[in-house]
Amino acid sequence: MPAPEKAKGFMGEFKAFIARGNVMDMAVGVIIGGAFGKISTSLVNDIIMPLISMLTGGIDFSNWKIVLKQAVAGADGVIDASTEVAVRYGTFLATILDFLIIAFAVFLMIKTINGFHDKMKKQEEEAPAEPPAPPEPSAEEKLLTEIRDLLKEQK
């Protein structure tokens, strides 16, 4: 397939994708996901991490770090914190915890949705789709029907 036709097909698929409304669904999902991300970040930073810090002796969890190079004082004698080079593993651990909370929430949501789908599928299987078709007439009934039709034609 030549390249222009392939690109045309790709653009055609993209236009069909947009026309189906999936873009709006995706946009709503991104907005809700962003809001949920803020909630889970607040949960981690404002509730869970202070509790962990209390358990570890009051150390601020977000300040856990390995300093590779100390901050340097400027010409005015004030220490410039931006010159410090450090591995901030406390922030990294908070981010991992944030991810685990979001992953757990998504797992629960998908589990609930799958439960609803299973329930709907089970209800569809239990309810018959159509009433059963009447049984096929026997050979004798077919013969009698033909005789009846022939007698009607003779009259």
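Tutor: Helices are DSSP runs of H or I with at least four residues and strands are runs of E with at least two, both numbered from the N terminus. The model is predicted, and local features need pLDDT of at least 70, side-chain atom pairs count only at pLDDT 80 or more, while totals for chains, interfaces and linings use all residues. Residues are numbered from 1 along each chain as its sequence is written, and side-chain values use heavy atoms, with hydrogens and water left out.

Student: Where is Ala-133 found?

Tutor: Ala-133 is placed by the elements on either side of it. One of these is H3 and the other is helix H4, residues 139-154. Ala-133 is therefore in the loop between H3 and helix H4.

Student: Does Ala-133 count as buried or exposed?

Tutor: Buried means under 20% relative accessible area, exposed means over 50%, and partly exposed is in between, with a 1.4 Å probe and protein chains only. Ala-133 has 67% relative accessibility, so this residue counts as exposed.

Student: How many Å apart in space are Ala-133 and Met-49?

Tutor: In sequence, the two are 84 residues apart. From C-alpha to C-alpha, the distance between Ala-133 and Met-49 is 66 Å.

Student: How many salt bridges does the count come to?

Tutor: Side chains of opposite charge can pair when their charged atoms come close. The rule for a salt bridge asks for a side-chain nitrogen of Lys or Arg within 4 Å of a carboxyl oxygen of Asp or Glu. By this rule the count is three.

Student: How many residues apart in sequence are the parts that Lys-65 and Glu-84 tie together?

Tutor: Lys-65 and Glu-84 form a salt bridge, with the closest N and O atoms 3.0 Å apart. Lys-65 lies in the loop between helix H2 (22-55) and strand S1 (66-69), and Glu-84 lies in the loop between strand S3 (79-80) and strand S4 (85-87), so the parts tied together are apart in sequence by 19 residues.

Student: Is Glu-84 buried or exposed?

Tutor: The relative accessible area of Glu-84 is 17%. Since the cut-off for burial is under 20%, Glu-84 is buried.

Student: Which residues does Glu-84 touch?

Tutor: Contact means heavy atoms within 4.5 Å, and residues up to four places away in sequence are not counted. The residues touched by Glu-84 are Lys-65, Val-67, Lys-69, Gln-70 and Ala-71.

Student: Which residues do salt bridges that share partners join into one network?

Tutor: Arg-88, partly exposed at 40%, has a salt bridge to Glu-84 at 3.5 Å, N to O. Asp-149 and Arg-148 form another salt bridge, with the closest N and O atoms 3.3 Å apart. Through shared partners, one network joins Lys-65, Glu-84 and Arg-88.

Student: Are the rings of Trp-64 and Tyr-89 stacked, edge-to-face or tilted?

Tutor: Rings of Phe, Tyr and Trp (its six-membered ring) pair if their centres lie within 6.5 Å; planes under 30 degrees apart count as stacked, over 60 as edge-to-face and the rest as tilted. The count comes to two aromatic pairs. In the pair of Trp-64 and Tyr-89 the centres are 6.2 Å apart and the planes are at 45°, so the pair is tilted.

Student: Which of the elements gives the most to the nonpolar patch?

Tutor: Patches are made of residues with over 30% relative accessible area and no salt bridge, where like charges are joined within 9 Å and nonpolar side chains (Val, Leu, Ile, Met, Phe, Trp, Tyr) within 5 Å. The nonpolar patch on the surface, with Val-87, Tyr-89 and Phe-92 among its residues, has about 930 Å² of accessible area together, by the Shrake-Rupley method with a 1.4 Å probe and only the protein chains shown as cover. S1, S4 and H3 are the elements that give two or more residues. The most, six residues, comes from H3.

Student: With which side chain does the side chain of Ser-40 make a polar contact?

Tutor: A polar contact is a pair of N or O atoms within 3.5 Å; within protein, one must be able to donate a hydrogen and the other to accept it, and residues adjacent in sequence count only if both atoms are side-chain atoms. Ser-40 lies in helix H2 and is buried, at 2% relative accessible area. Ser-40 touches residues including Ile-101 and Ile-102. At 2.6 Å, the side chain in polar contact with that of Ser-40 belongs to Asp-98.
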